[in-house]
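Open the structure in your viewer and get ready to select things one by one. We will go from strand to strand and helix to helix, with a stop at each.

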Amino acid sequence: MKLTGAQALIKSLEMQGVEVIFGLPGGAILPVYDPIIDSPIRHILVRHEQGAGHMAEGYAQVTNRPGVAMVTSGPAATNIVTPLANAYMDSTPMVVITGQVATSSIGTDAFQEADTTGITMSITKHNWLITDAAEIPEVVAEAFHVATNGRPGPVLIDVPKDVSNQMMDWYWPDAVDLPGFKPTTKGHPRSIQAAARMIKEARRPVLYVGGGVIRAGASRALLTLAEKTGIPVVTTLMARGAFPDSHPLCLGMPGMHGNYSAVTAMQKSDLLVTLGARFDDRVTGKLSGFAPEAKVIHVDIDPAELSKIRHADIPIVGDVRSVIEDLIEALDKGEAGEMVQADLAPWISRIREWQKLYPLSYDRDGSGNGLKPQYVIETLSSLTPEGSILASGVGQHQMWASQYWRFDHPNAWVNSGGLGTMGYAVPASIGAKVGRPDKVVWAVDGDGCFQMTAQELVTASAERIPVKIALLNNAYLGMVRQWQEMFYDQRYSEVYLSPDLPDYVKWAEAMGCVALRVEAPEEVAPAIEKANDINDRPVVIEFRIDSGEKVYPMVPAGASNDEIVLGPSYGGAR
Amino acid sequence: MTNIGPSIVPMSLPGGRSSRGVSLHVLSVLVENRAGVLARVAQLFSRRGYNIYSLAVAPTDDERFSRLTVVVDLESAPLEQITKQLHKLINVIKITEIDPVDAVEQELLLAVVAADVSSRGQILELVGIFGAKVLDVGLERLTLALADTPEKLDDFTELIKVFGLIEVQRSGRVALAKLNRGGGRGGISRGKAS
């Protein structure tokens, strides 16, 4: 069967089971947009290429399947650089297809030419520049294989226009042959046995759980391990929902804005059982002061993460789900099986004391101007159906969302962790809703973030994707304002945005959304209930929140986690 | 305890390099012979802040593969982290860490040296002692070539410098592990399954 390169590309995506492409056409990718008309694959036309990338990420974060985005060459390719970098940091599987100028024009500074593979080399797991249409099926198969195996991540395929038009003999490869890509998935048995013994001996252990547990689908195995050993669990920003917040062993989020018991349990721990986490600086604080007495068991599918930041006493390369399952077995067998688990009761009771003394807290009396953002998110969480999905942008609202939303399920939290990409929430929530149309999808967003990518609500309206946006409007770039208040003598430099410029209600309405503005606490619940009942179009609720509200607890940048600041609701004391 | 592989003690090389306190190590990296592979390796080093001391690239006898001989500066990052990051590149097939003690190494030096009638004889004497070659002869200059170990190249450079060095070009070293005669441990290969 003779096909054009463009037809072969779309057919290859169909062979991979792709159900949706987020994209925007243009000159160099034009040939590929023609066979889309005849394909069962749904195409969602975005308003900015960055939106296509973040939608693909949101889709992947809730489905654990690779998101697919397709854009043209040059400026479109550079517009999708941010999502690629974001997906690379958060290990999100994504396949991006970019158009490229014809092979004969490459290197001549042709119209809309950019060195896309060169630009994206360090923010993709791998990228390909196709030079012959016959390569297309093989490269697409390789691209999906690389994006989803080992540590997941983004890949990019750059397709010159003449290659899209070139005829080729259709085939589909039986298998992928990449001699340089053979991820280790099975943990080394001796290391796992040693880890089991170390766990049995530990008196103050913590399960330090990262986003890898979600990517590996290891939540169920983790629950078994935690309940079997009775070891408390902290879930990082990327791992919220990997272990249910409602479980008595869950301590919540550690790190710069983590809660006291999660941060302090790690600090006082004698063993960090690290599962798919990478000792990010936002978790460790000042590294030399981080968990000084803890030994480290570190499980990760990426060998380069082991001992990169913190020395691992027992490094285990492998798929975290497979390793946890093997570890559960190893706890009952051999030498470890004969050992009695050290008594964790004193440790647990110390943690319970911290939880009682220093729970997450804010001023519920509502002093100050405007709504308390924490109250808005608590109310949102309690009124929204169990298992709903929450997306978030980056900044104060992201931290409040992580702190005050109840996370009980994996793949239900869509946020930008490693790169901290403002504007992530709106497009990512749209991608999430496309991936899980059966779920209610809310996005919590800030006014700064919203202004970066709000135009994708036009996409959502046009495509009938009924996401719901809780816009926490504090008229500031709030997190920067907080740092200027705390660390720059309240000298506010370029952080004021205005509460009513733009008029968010009018703007949302102009984009085809139902829009509501909420200013009083008693209006919060009715507005959320109204939004939950709307299922035919996007909804935006603008909550006017207190611009003076800060995120607490907080470990100041560069400080040790022992120096955690609890905030004014404890009278400024610890 | 570990399943990452043994650690290697970094060593300093003699000559001008050790006096700068730089510790160097040789990695022999087998890569797929594809467009852009060198750029991927170079960008990885740049992006992660690793220093390349020298780099030599050439195809192997099997045209599907090329071999990169990279001399890395271990002051910038631990060797283990460098090799693990390199392994993440899809086009990297195999990395052999070559401890210079257990390696055969060669490097090529081209040097243009001032050589008037009075000094020419002494220079040619050194050429003979080191087994170098005269590639080109000018009225007051000679272009010399020497292929030997990096240390020998250092010594040779040191000695001919006295006559006035006009230009020096070195290729960067290439290295292979010593053949196993029962004694040396040779290079330590790290396949993808670490």
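## First stop: a pair of strands

Select strand E2 (residues 20–24) of chain A together with E3(A): four bridges join these two strands, which run parallel. Within this pair, pick Val20(A) and look across to Arg42(A) in E3(A), which stands opposite. Keep in mind as you look around that this is a predicted model.

Now widen the selection to the whole sheet. It is an open sheet of six strands with parallel pairing, in the order E3-E2-E4-E5-E7-E6 (chain A). Which strands stand at the edges? They are E3 (42–45) and E6 (126–129) of chain A; each has a single partner strand, so one side of each is left without a neighbour in the sheet.

H3 lies across E2, E3, strand E4 (67–71) and strand E5 (94–100) of chain A, and runs at about 170° to E4(A). Next, select helix H5 (residues 81–89) of chain A, which packs on the sheet and touches E5 and strand E7 (154–160) of chain A. The direction of H5 makes about 150° with that of E7(A).

## Stepping back to the domains

Colour chain A by its domain assignment: domain 1 covers 2–169, domain 2 covers 189–357 and domain 3 covers 373–551. The centres of domain 1 and domain 2 of chain A, taken over C-alpha atoms, are separated by 37 Å. Where these two domains of chain A touch, six residues come from domain 1 and six residues from domain 2. On the domain 1 side of that contact, you will find one nonpolar, three polar and two charged residues.

## Two helices side by side

Select helix H11 (residues 219–229) and helix H14 (residues 320–330) of chain A. Their axes come within 9 Å and cross at roughly 30°, and H11(A) and H14(A) are therefore roughly parallel to each other. The crossing in which H11(A) passes H14(A) is left-handed. Show side chains for the contact: H11(A) brings Ala221(A), Leu222(A), Thr224(A), Leu225(A) and Lys228(A), while H14(A) brings Arg321(A), Ile324(A), Glu325(A), Leu327(A) and Ile328(A). Coloured by class, the residues of this contact are six nonpolar, one polar and three charged.

## A second sheet

Move along chain A to another open sheet of six strands, again with parallel pairing, in the order E16-E15-E17-E18-E20-E19 (chain A). At its edges stand strand E16 (413–414) and strand E19 (514–518) of chain A, each with a single partner strand, so one side of each is left without a neighbour in the sheet.

Zoom in on strand E17 (residues 441–446) and strand E18 (residues 468–473) of chain A, a parallel pair joined over five bridges. Here Gly446(A) has Leu472(A) in E18(A) as its bridge partner.

## Last stop: chain B

Finally, show both chains. How many residues of chain A are in contact with chain B? There are 22, and they meet 21 residues of chain B. The largest share of the chain A side, three residues, comes from E14(A).

Definitions and conventions
Residues are numbered from 1 along each chain as its sequence is written. Chains are lettered from A and ligands numbered from 1 in the order in which they are written. This is a predicted model: local features need pLDDT of at least 70, side-chain atom pairs count only at pLDDT 80 or more; totals for chains, interfaces and linings use all residues. Axes are lines fitted to C-alpha atoms, for helices over the stretch in contact, and angles run from 0 to 180 degrees between N-to-C directions. Angles under 35 degrees count as roughly parallel, over 145 as roughly antiparallel, 65 to 115 as roughly perpendicular and the rest as oblique. A crossing is left-handed if the near helix is turned anticlockwise from the far one by less than a right angle, and right-handed if clockwise. Two residues are in contact if their C-beta atoms, placed from the backbone, lie within 7 Å. Ala, Val, Leu, Ile, Met, Phe, Trp, Tyr, Cys and Pro count as nonpolar, Asp, Glu, Lys and Arg as charged, and the others, Gly among them, as polar. Two strands pair if DSSP finds at least two bridges between them. Domain bounds come from an automatic or database domain assignment.
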